[in-house]
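Student: I would like a close look at a single part of this model. Please keep to what can be read from the coordinates, and connect the part to its surroundings.

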Amino acid sequence: MKTLKFNHETAKLIEEGQKISTWRMFDDKDLSVNDEIRIIDKVEDSNPQTWKIIGTAKITEIVEKRLEDITEENIHDDNAYASKRDMLEVYRGYYGSKVTGSTPVKIIYFDFEKSKPTTPAEVAALDVAKLYTDGGSRGNPGPSAAAFVICNLDDSVVEKSGIYLGVTTNNKAEYQGLRLGLERARELGVEDVRVFMDSQLVINQVNGAYKVKNPDLLPAYQEVIALSKLFNKTVFTYVPRELNKLADKEVNRILDEQK
């Protein structure tokens, strides 16, 4: 799910029903009517650990205009500006000197539904996350497990989990770990996911360098590709096993428990 962040004062207005729209420039989220989005209160702007998801909103209308063409009718619940020049300076403060009078503005209207605030760890994982995944088979084929670890960019762990797969192959287990991790990252609202695996085969296949010649792997490959397209950005990177210790440890923990 996409997200929109607001400073604390603005978020309070949204919670109280006094603000039902927002202006956005350079819309990298590609927001559209009927999109459902999470609303984040940046309680302390410079400290993401204080941020909270305060609810969800559904976009009901989008009006696009150049900044210089904005009228009082478009302002609604947004702050009034003494002049067009003042408005330009405010948005240059947000987006930099690239903002001009000709810059397109999306005026986004939404219906807000309040929810119980989430924990800081969940919020921290929303926009960008590292995803470490692994799969292992003792015997190949043999008893197998798949696991994932979702981290913030500083490698602090947000969540880790995995499952026992029964008897299967190492490559199938690798794909299942990747699938599970992508699914959970999506549920947490991650928009930009950076995947790290120690399987050269899987990484080269999902990056298009290798063809999937084994028909047994094709369904899992197709599922992973479909999941990857649900994110704004997905990057798959090969790392040696020593840099994938967290996911590897989770796989071995699951396999050891089966004994």
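In what order do the five strands of the open sheet run, and what is the pairing?

Tutor: The model is a predicted one. The order across the open sheet is 8-7-6-9-10, and its five strands have mixed pairing. Strand 8 (157-168) and strand 10 (233-238) form the edges, each of them pairing on one side only. On average, neighbouring strands in this sheet are turned by 20° against each other, with direction ignored.

Two helices pack on this sheet. Helix 5, residues 170-187, touches strand 6, strand 7 (142-151), strand 8, strand 9 and strand 10. The direction of helix 5 makes about 30° with that of strand 7. Helix 8, residues 245-258, also packs on the sheet, and its contacts are with strand 6, strand 7 and strand 8. Relative to strand 7, the direction of helix 8 is at about 140°.

Consider next the side of the sheet order that ends in strand 10. Strand 9 and strand 10 run parallel and are joined by six bridges. Within this pairing, Val193 has Thr234 of strand 10 as its bridge partner. As a general point, strands of a sheet pair through backbone hydrogen bonds, in either a parallel or an antiparallel sense.

When the whole structure is searched, one aromatic pair is found. It consists of Tyr132 and Phe196, whose ring centres are 5.3 Å apart and whose planes meet at 25°, so the pair is stacked. Under 30 degrees between planes is the cut-off for that label. Tyr132 belongs to strand 6 (residues 128-137) and Phe196 to strand 9 (residues 192-197), so the pair ties together parts that are 64 residues apart in sequence. Both Tyr132 and Phe196 are buried.

Strand 4 and strand 5 run antiparallel, with eleven bridges between them; Ile59 stands opposite Phe110 of strand 5. Strand 5 also pairs with strand 2 (residues 21-24), in the antiparallel sense and over four bridges. There, Arg24 has Lys106 in strand 5 as its bridge partner. The side chain of Arg24 has a further contact to note: its charged end sits over the ring of Phe6, 5.1 Å from the ring centre.

After helix 1 comes Gly17, with a positive phi near 80°.

Finally, the chain as a whole. The protein chain has eight helices and ten strands, and its C-alpha trace spans about 75 × 35 × 30 Å along the principal axes. Of its 259 residues, 43% count as buried. Among contacts between residues at least 6 apart in sequence, 73% join residues at least 24 apart.

Terms used. Residues are numbered from 1 along each chain as its sequence is written. This is a predicted model: local features need pLDDT of at least 70, side-chain atom pairs count only at pLDDT 80 or more; totals for chains, interfaces and linings use all residues. Side-chain values use heavy atoms; hydrogens and water are left out. Rings of Phe, Tyr and Trp (its six-membered ring) pair if their centres lie within 6.5 Å; planes under 30 degrees apart count as stacked, over 60 as edge-to-face and the rest as tilted. Buried means under 20% relative accessible area, exposed over 50%, partly exposed in between (1.4 Å probe, protein chains only). A charge sits over a ring if NZ of Lys or CZ of Arg is within 6 Å of the ring centre and within 35 degrees of the ring normal. Two strands pair if DSSP finds at least two bridges between them. Axes are lines fitted to C-alpha atoms, for helices over the stretch in contact, and angles run from 0 to 180 degrees between N-to-C directions. Contact means heavy atoms within 4.5 Å.
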